[in-house]
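Please look through the sequence and the structure below before reading on. The paragraphs after them take one topic at a time.

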Amino acid sequence: MIVKDVVCPFCGCLCDDVEVTVEDDRVVAVDNACTLGTSKFLGDHRLPGPIRRDGNGWKDISYDEAIRYAVDMLLDAERPLLYGWSSTHGEAQCVGVHMAELVRGVIDNTTSVCHGPSILAIQEVGHPGCTLGVVKNRADLIIYWGCNPIDAHPRHLSRYTRYADGFFLENAFRDRTVIVVDVRKTETANIADEFVQIRPGGDYAVLSALRAIVRGKTDTIPRSVSGVPREQLLRIARRCKEAKFGAFYFGQGITMTRGKYKNVRNAIELVDELNRHTKFTISAMRGHYNVYGSNEVNTWMTGYPFGIDFARGIAFYNPGETTAIDVLARRECDACLIVASDPAAHFPRPCVEHLAEIPVVQIDPYANATTAFCNVQIPVAVTGIDAAGTAYRMDGVPLRIRKVIESGYPSDEEILSRMYAMIQEVRSE
Amino acid sequence: MSELLIRNACVIDPINGIDGETMDIAIRDGRIVEDVNDSTAEVVDAGGALTLPGGIDSHTHICGTKVNFGRYMSPEDMRAGRTPRMGRMHATSGYSVPTTYGTSYRYSAMGYTTLLEGAMAPLEARHTHEEFLYTPLQDTLANTLFDGNWAVMEAVRDGDTKRVAAIIGWTLSAVKGFAVKLTNPGGTEAWGWGKNVSCIRDPVPYFEVTPAEMIQTIVRANELLHLPHSVHLHCNNLGTPGNYSCTIGSLGLIPDLNDRRQTLYATHVQFHAYGGSGWDDFCSRSEPIARFVNMRPQIVIDMGQVMFGKTTTMTADGPMEFNLYRLHHNKWSNHDVELETASGIIPVLYRRKNLVNSVMWAIGLELALLTENPWQCLLTTDNPNGAPFVRYPEIIGLLMSKRYRDAEFATVHPETGHRVPLPAIEREMDWHEIAVMTRSGQAKALGVLEIGKGHLGVGAEADVAIYPIRIDEVDPSVEYQKVVDAFRCTDYTIKRGRIVSRRGECLVDGNNTTVWVRPKISDSYDMVRDEEFVRKFDRYYTVRMSNYPVQEEYLRRNLWRRNLCIETEAEL
Ligand code: SF4
Ligand SMILES: [Zn+2]
């Protein structure tokens, strides 16, 4: 059987035109997806059932036992951390927020280690953006700054920018200009019309120079700024102002390098400035397919996109104090529930070391780096393959992710709802 | 079977012609009935307190992409309104844009049981519906945006009203919307190029239709679909000096096509009632607008009252928000939605010491006081654009008391008196008029009387608000503070026969319904079978047509959650 219009649960592009061939409740072929998406659909080696650490090895346990363990761990904790959430469906994220509130824990998602700085910048200066289809249909200028979509969001170029024909651009490849700005010549740079190479750490200065030029203050610009010649800066600024519609996409090349959120703020303010001359938008290239959904869910339920601390009953937000990294690095947290992410692969060493010392339960279909730090792991269905639910594309468009096979695994939402109900019995009133 | 008996209620129920009668209200299984078994029913003694149908907000921004972005970008606003988890109540955050629970609890404490989200982009409808699920204590409905819809504009250009109706009908059913909203029609498409339309005769770039043509055609299409609500219009040119003439021009386009309700609902008219040629001679033009409305039963407006203090502005009117940003230089967010619409958000502070803000404050009140028939001017702040909804009680006080208005007027910018007629207006509204402006008028305008909203007659949904005030003992003209306090917090808010809020404490976890429409359309007008529509959809949207409709899962039903689809017979 071929299932059409399947949504790919891998990256923030959330391509929804994938065709999946299913035989005997197994995915046997995938069309339209990129290699990243395809390998996720075809992924194998699921953990067969819940496991519990037993000395140096593992012991199989039942779902009931595993859930009981996780519930007891959270009930017993003084400062529980509920982390992850970016690769599961919104319905599970909602249960997670309720649970964090009830156990007075910290709830955080992977934003705090990728686009956290972007959100901090947005909270200072706002965010002029648009949906991806607006760019596809209108944008005659695209800037990729500090990101490499060919690697991380392979179909961004074909569905929305470089190769995507749109209503006002009948021949996108010819009619659209693509500028890539990065510290090294990436593969994306190879397909750009213009590549701007910046010295590492120089993004802030280059953005400032562009802002000055757009404002007409060309005389103050030195011969070169962070390795970019003055002439090139003038040309880029002119191209931006002359575009009918410009779209600026940025990635971790500016959020996680020197300047961090200040870089993003500067980029947003450049775009604000350009809007006085033409139409311009800016957007972050969000990585995990539903990291943006996690931000959305957290926001409508708690008021904040990530790093929320319920220790005092209210929702309290102060990145630098209330993200997963913060509470782990301070060795404050005394139990951790991890859902749909792999912190051991991405967190700084001291944080991972602390994880090794406290009880940890991971809810995840696959064994990963974090498994080594778990006391219990509970395998679940993969959203988009054997579980359905909601995800938010990087531009905020929500889609319903389909279930294409029946695996028998419970979904994240089911496991978390059972846990929540048990915690409620103890904690309510 | 569950029964509830409210005793000694001093009832004002304008739809049923009840004006301050003390009576009992019997409720069985969520509806008002003739009587219940006195000995077994749960009894609530209202003690002679003012009892009204549950409040209805016919234009508020509470759920969806843009509202959530208002929260996302504003931790300072989130900090300004925090409550901890308590009893059945979840933690809440936010003052001008509360979290969904915050919105729901605070509205419920004020006696509101039904809310219409003012602007939902079809492509992002799923988001609005997700937040509706977490707005547990009110029935929710969504205005659906068509102001920059490409397929609609093309059909308008071709003069094909039936096709316009067919596209709207398909979209509303697909995204589970309730009504047709036009926000700055044509302007949101022009904003795709950083431009705007100046008024109703200004053509939209490329599509070559004018806002006037769009409004006229869509109004007729709306009636072909026999939708419960009329077209809901946010006029072009919001917020600019002299825009009142554009507003009158827009209202003048509207024939009287429906004998059960208005043919056009014009929202937040305060923002569209400005005189002057610039900020220097900015002044009120509430009088010509109210005069115009007084002569046309086919128009209903809402106030869009401004109250002094901090708030957040958010609207699909992207170009207007950018202009505001250029005035205020505060943070600015924008979000254009492919093939459909736009939106923008900026925080604002309305100051008494600011002349323009003072004039704005006066205009909203003037519109309400100068519109003779309260059924034609409903109480809103365009929450949170003019002020957060928690300020409604003060507005009620101002409408009921000349003395209160004078006291406030003494504190606004001293020049205001030369710019506005407010000080000369003597009218003080009575309890009955307030009941019309806060529930019954909304129910009639939205066309939801038929599903039992906005009144307390037998068969109505048992949504009831009991306010701690005795209208025979209080003179609102003098004791306006008592009025304000009473409307801040009910003794009881009852939703479909269940007590959901008691003196501000919310007692249950969920009792809401999503109300949406499905016009029945013949196969020959079914857009799914229309090759051109399908081809353009596939080519220009970034979402596949099969993934576009909001699935039934987003109207989840359980014991207390309902999914209420109003089917209409379209003339197509
Ligand atoms: S670009 Fe992203 S969403 Fe699209 S197929 Fe590849 S991994 Fe999946
Ligand atoms: Zn509005």
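What follows goes from the contact between the chains to the sheets, the salt bridges and some details of the backbone.

This is a predicted model, in which local features need pLDDT of at least 70 and side-chain atom pairs count only at pLDDT 80 or more, while totals for chains, interfaces and linings use all residues. Residues are numbered from 1 along each chain as its sequence is written, chains are lettered from A and ligands numbered from 1 in the order in which they are written, and side-chain values use heavy atoms, with hydrogens and water left out.

Start where the two chains meet. Chain A brings 68 residues to the contact and chain B brings 61 residues, where contact means heavy atoms within 4.5 Å. The size of an interface is often given as the accessible area lost when the parts come together. Here the area buried between chain A and chain B is about 5,600 Å², and carbon and sulfur atoms give 54% of it. Buried area is the accessible area (1.4 Å probe) that two parts lose on being put together, summed over both. On the side of chain A, the residues that lose the most area to chain B are A:Phe167, A:Trp300 and A:Arg400, together 13% of what that side buries.

Side chains of opposite charge can pair when their charged atoms come close. The rule for a salt bridge asks for a side-chain nitrogen of Lys or Arg within 4 Å of a carboxyl oxygen of Asp or Glu. Across the interface of chain A and chain B, 6 salt bridges are found. A:Arg400 forms a salt bridge with B:Glu553, and the closest N and O atoms of this pair are 4.0 Å apart. There are also 42 residue pairs in polar contact between chain A and chain B, both residues being at pLDDT 80 or more. A polar contact is a pair of N or O atoms within 3.5 Å; within protein, one must be able to donate a hydrogen and the other to accept it, and residues adjacent in sequence count only if both atoms are side-chain atoms.

Which elements of chain A supply at least two residues each of the side that touches chain B? Among them are helix 3 (90-102), helix 4 (116-125), strand 8 (128-130) and helix 14 (291-302) of chain A. Helices (H or I, at least four residues) and strands (E, at least two) are DSSP runs, numbered from the N terminus. Helix 14 of chain A gives the largest share of this side, 7 residues. By residue type, the side of chain A that touches chain B divides into 29 nonpolar, 19 polar and 20 charged residues. In this count Ala, Val, Leu, Ile, Met, Phe, Trp, Tyr, Cys and Pro are nonpolar, Asp, Glu, Lys and Arg are charged, and the others, Gly among them, are polar.

Next come the sheets. Two strands pair if DSSP finds at least two bridges between them. An open sheet of 4 strands with mixed pairing has the order 8(A)-16(B)-17(B)-15(B). Strand 8 of chain A and strand 15 of chain B stand at the edges, each with a single partner strand, so one side of each is left without a neighbour in the sheet. Strand 8 of chain A runs parallel to strand 16 (residues 333-336) of chain B, joined by 3 bridges; A:Pro128 has B:Asn334 as its bridge partner there. Strand 16 of chain B is joined by 2 bridges to strand 17 (residues 344-350) of chain B, and these two run antiparallel. In that pair, B:Ser333 has B:Ile345 as its bridge partner. B:Gly309 lies in strand 15 (residues 309-315) of chain B. Not counting residues up to four places away in sequence, B:Gly309 touches B:Val348, B:Leu349 and B:Tyr350.

Chain A also has an open sheet of 3 strands, in the order 1-2-3, with antiparallel pairing. Its edge strands are strand 1 (2-6) and strand 3 (26-31) of chain A. Strand 1 and strand 2 (residues 18-23) of chain A pair over 3 bridges, and A:Ile2 has A:Thr21 as its bridge partner.

Over all chains, the whole structure has 64 salt bridges. One of them joins A:Arg235 to A:Glu194, with the closest N and O atoms 2.6 Å apart. A:Arg235 lies in helix 11 (residues 230-242) of chain A and A:Glu194 in strand 11 (residues 194-197) of chain A, so the pair ties together parts that are 41 residues apart in sequence.

Two backbone details remain. Most residues other than glycine have a negative phi, and most peptide bonds are trans. A:Ala340 has a positive phi of about 55° although it is not a glycine, and the peptide bond from B:Asn383 to B:Pro384 is cis, with omega near -5°.
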